[in-house]
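Please keep the structure open beside them and look up each place as it is named.

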Amino acid sequence: DPLVRTHAMVGALLALATLFAWCAAAAGSSDLLGAFCAGLCFSPVPGVLEAWVSQTKRFERWGASLFFAATVGFAVPPLTGSSSPASAFAVTTGLVLGAVGIVGKMALGVWATPLTPYNALEFAFAMMGRGEFSFLLAEQAGTEDVIPTGLYSATIVGILLCCIAAPVGFRAVLSRAPTSAVGGGGVGTARAARPPPGAP
């Protein structure tokens with residue numbers, strides 16, 4: 001029965017992820033690393049991705065938001081005081097950190113194939129992360145006093161800058177997609193091959 005197989009795969013994956021997450025946390029590492037390793041173990045299993053998506057897509061819509069709001073969001077320092085994200089130090093340092101993160105990701109564009117200005121920009125902006133995991137790492141570093149509160153606030157500002165720049169830049173690049181074939185079937189090709197509205 002396909003439904004029973006789907007439930008069995010998802011149940012086994014959840015159980016292994018819980019076990020690996022607990023083991024990773026007990027070893028002093030991140031519980032997310034354990035969950036990642038559990039997913040890696042199931043990657044060769046046929047149909048596991050489709051089963052996971054079909055059973056968890058409704059939960060993922062609000063579960064991820066609640067997770068990061070309850071972990072990272074509650075750990076953001078108050079907006080008042082010398083160590084707040086709105087302080088002069090946090091804003092100026094955060095702008096520098098964000099700029100470094102953006103430039104570092106933009107450098108990845110040299111690996112675009114074929115190497116054209118459009119492909120390089122498209123690849124670079126696509127590689128920019130949305131920052132959820134970065135927020136979590138910064139929160140853990142601040143909680144364990146790896147970085148001081150002021151630098152933690154600056155890091156939050158820098159990550160926010162990257163999170164804003166990634167979708168804005170990617171949308172701007174896609175809006176200027178060439179009408180000729182780019183990269184052998186890329187975005188430009190799809191737009192060029194798309195028939196006009198009302199065409200047969």
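1. Of the 200 residues of the protein, 30% count as buried, where buried means under 20% relative accessible area, exposed means over 50%, and partly exposed covers what lies in between, with a 1.4 Å probe and protein chains only. The accessible surface of the protein comes to about 12,500 Å², and 71% of this surface belongs to carbon and sulfur atoms; these areas come from the Shrake-Rupley method with a 1.4 Å probe, and for residues only the protein chains shown count as cover.

2. Please keep in mind that this is a predicted model, in which local features need pLDDT of at least 70 and side-chain atom pairs count only at pLDDT 80 or more, while totals for chains, interfaces and linings use all residues. Residues are numbered from 1 along each chain as its sequence is written, and side-chain values use heavy atoms, with hydrogens and water left out.

3. The protein has eight helices and zero strands, where helices (H or I, at least four residues) and strands (E, at least two) are DSSP runs numbered from the N terminus. Among the contacts in the protein with a separation of 6 or more, 61% are between residues 24 or more positions apart, a contact being heavy atoms within 4.5 Å.

4. How do H4 and H7 cross? Their axes come within 7 Å and cross at roughly 45°; axes are lines fitted to C-alpha atoms, for helices over the stretch in contact, and angles run from 0 to 180 degrees between N-to-C directions. That makes H4 oblique to H7, since angles under 35 degrees count as roughly parallel, over 145 as roughly antiparallel, 65 to 115 as roughly perpendicular and the rest as oblique. The crossing of H4 and H7 is right-handed, a crossing being right-handed if the near helix is turned clockwise from the far one by less than a right angle, and left-handed if anticlockwise.

5. Where H4 meets H7, the residues on the H4 side include Phe89, Gly94 and Ile102, and those on the H7 side include Gly150, Val157 and Ala165. By class, the residues of this contact divide into 13 nonpolar, eight polar and no charged; here Ala, Val, Leu, Ile, Met, Phe, Trp, Tyr, Cys and Pro count as nonpolar, Asp, Glu, Lys and Arg as charged, and the others, Gly among them, as polar.

6. Helix H5 (residues 117–127) also packs on H7 (residues 149–175), at an angle of about 155° and with the axes 9 Å apart, so the two helices are roughly antiparallel to each other. H5 passes H7 in a left-handed crossing. Among the residues that meet are Tyr118 and Phe125 in H5, and Gly169 and Val173 in H7; by class, this contact has nine nonpolar, one polar and one charged residues.

7. Ser84 lies in the loop between H3 and H4, counts as buried because its relative accessibility is 2%, and touches Pro78, Leu79, Ala90 and Ser153, not counting residues up to four places away in sequence. Pro114 lies in the loop between H4 and H5, and the peptide bond from Thr113 to Pro114 is cis, with omega near -10°. Asp145, in the loop between H6 and H7, has a positive phi of about 60° although it is not a glycine, and Asp145 is exposed, with a relative accessible area of 66%.
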